[in-house]
Number of protein chains: 2
Amino acid sequence: MEPRISIITVATDDLDRAVGFYEAMGLKRHAGITDGVAFFQMGGAILGLFPRADAEKDSGVTFAAAPSAVYLAYNTRSDAEVDEVLAAAEKAGGRIVKPAGRAFWGGWYGYFADADGHVWEVAHNPAFPIAEDGTISLPD
Amino acid sequence: MEPRISIITVATDDLDRAVGFYEAMGLKRHAGITDGVAFFQMGGAILGLFPRADAEKDSGVTFAAAPSAVYLAYNTRSDAEVDEVLAAAEKAGGRIVKPAGRAFWGGWYGYFADADGHVWEVAHNPAFPIAEDGTISLPD
């Protein structure tokens, strides 16, 4: 296994609602493949939204309800951007799970839940540099 | 929100076991930050392993049990590599959830569960090109 994660899929109970949420967050749905699924190019990875029933049929797995114990983080380049993203999530129909505050590791962060209740951390961690292309690196 | 996912965290019930699984898959744990957490640089993103109790304390959220409805995919450059990764997952202490087979979309794919029971899809999808650096792209 090479060190990469290709696709992060959110199994959703309402595909249209989930698409609406992520589009309202400013993401651009892939226009080419739209039949019962939604894809978003996220830098060098892909975010997929897939109806839970279809995901369960495809995998043979019954997935747990939200909030999922596999959760995502969006790291920002500033404290202010954390506040902006959390405000955008609330406006888009998400829920603030933990308002922005100071982290013990020195940064500024909070959590929101998406339209299905899955959790994203939003964090400004100066120790984890973000390149111009959005890729993030662990410290040397 | 720019199109990126910075960190994918797996909340685990047994950090050492989870680290052992992902190391056995060939991933290299970040040596710098190891106190109660494990990080793996995954190309331009980061995989984090974090004890469930700590994740719940930090976020104020009670996460659902595995298998999580947010799930990951590792895309390969060949059908044979799918078989190899699934075999490696089983050898590493994971579980084959769905053996490799032909997909309706033309590729070759299967699913495994990690040491906590969280699901990864392993797929060769020729329509989603993988660059030399491991980044994946949706078709034009």
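Among contacts in chain A between residues at least 6 apart in sequence, 51% join residues at least 24 apart. The model is predicted. Chain A comprises 3 helices and 7 strands, and from the N terminus on these elements follow the order β-α-β-β-α-β-α-β-β-β. The C-alpha trace of chain A spans about 45 × 35 × 30 Å along its principal axes. A compact globule with 140 residues would have a radius of gyration near 14 Å, and the value of 15 Å for chain A agrees with this. Of the 140 residues of chain A, 46% count as buried.

At the interface, 55 residues of chain A are in contact with 55 residues of chain B. On the side of chain A that touches chain B, at least two residues are supplied by each of β1, β2 (38-42), β3 (45-51), α2 (52-59), β4 (70-75), α3 (79-91) and β5 of chain A. The largest share of this side, 6 residues, comes from β4(A). By residue class, the side of chain A that touches chain B divides into 35 nonpolar, 16 polar and 4 charged residues. Since 100% of the interface residues of chain A are also interface residues in chain B, the copies meet through the same surface.

Strands from both chains contribute to an open sheet of 7 strands with mixed pairing, in the order β5(A)-β6(A)-β7(A)-β4(A)-β1(B)-β3(B)-β2(B). The edges are formed by β5 (95-102) of chain A and β2 (38-42) of chain B; each has a single partner strand, so one side of each is left without a neighbour in the sheet. With direction ignored, neighbouring strands of this sheet are turned by 20 degrees against each other on average. Strands of a sheet pair through backbone hydrogen bonds, in either a parallel or an antiparallel manner. Between the chains, β4(A) and β1(B) run antiparallel and are joined by 4 bridges; Ala73(A) has Ile7(B) in β1(B) as its bridge partner. Within chain B, β2(B) pairs with strand β3 (residues 45-51) in the antiparallel sense over 5 bridges, and the bridge partner of Phe39(B) in β3(B) is Gly48(B).

Helix α2 (residues 52-59) of chain B lies across strands of both chains, namely β5, β6 (108-113) and β7 (119-124) of chain A together with β1 (7-12) and β3 of chain B. The helix runs at about 100 degrees to β3(B).

Arg4(A) lies in the segment before β1 (7-12) of chain A. This residue is buried, because 21 other C-beta atoms lie within 10 Å. Within chain A, the C-alpha atoms of Arg4(A) and Ala45(A) are separated by 8.6 Å, although the two residues are 41 residues apart along the chain. Neighbours within four places in sequence aside, the contacts of Arg4(A) are with Met42(B), Gly43(B) and Gly134(B).

Technical notes: Residues numbered from 1 in each chain as written. Chains lettered and ligands numbered in written order. Predicted model: local features only at pLDDT ≥ 70, side-chain atom pairs only at ≥ 80, totals over all residues. Buried ≥ 20, exposed ≤ 12 C-beta atoms within 10 Å, placed from the backbone. Contact = placed C-beta atoms within 7 Å. Rg over C-alpha atoms; globule rule 2.2 N^0.38 Å. Pairing = 2+ DSSP bridges. Axes fitted to C-alpha atoms, helices over the stretch in contact; angles between N-to-C directions. Nonpolar A, V, L, I, M, F, W, Y, C, P; charged D, E, K, R; others polar.
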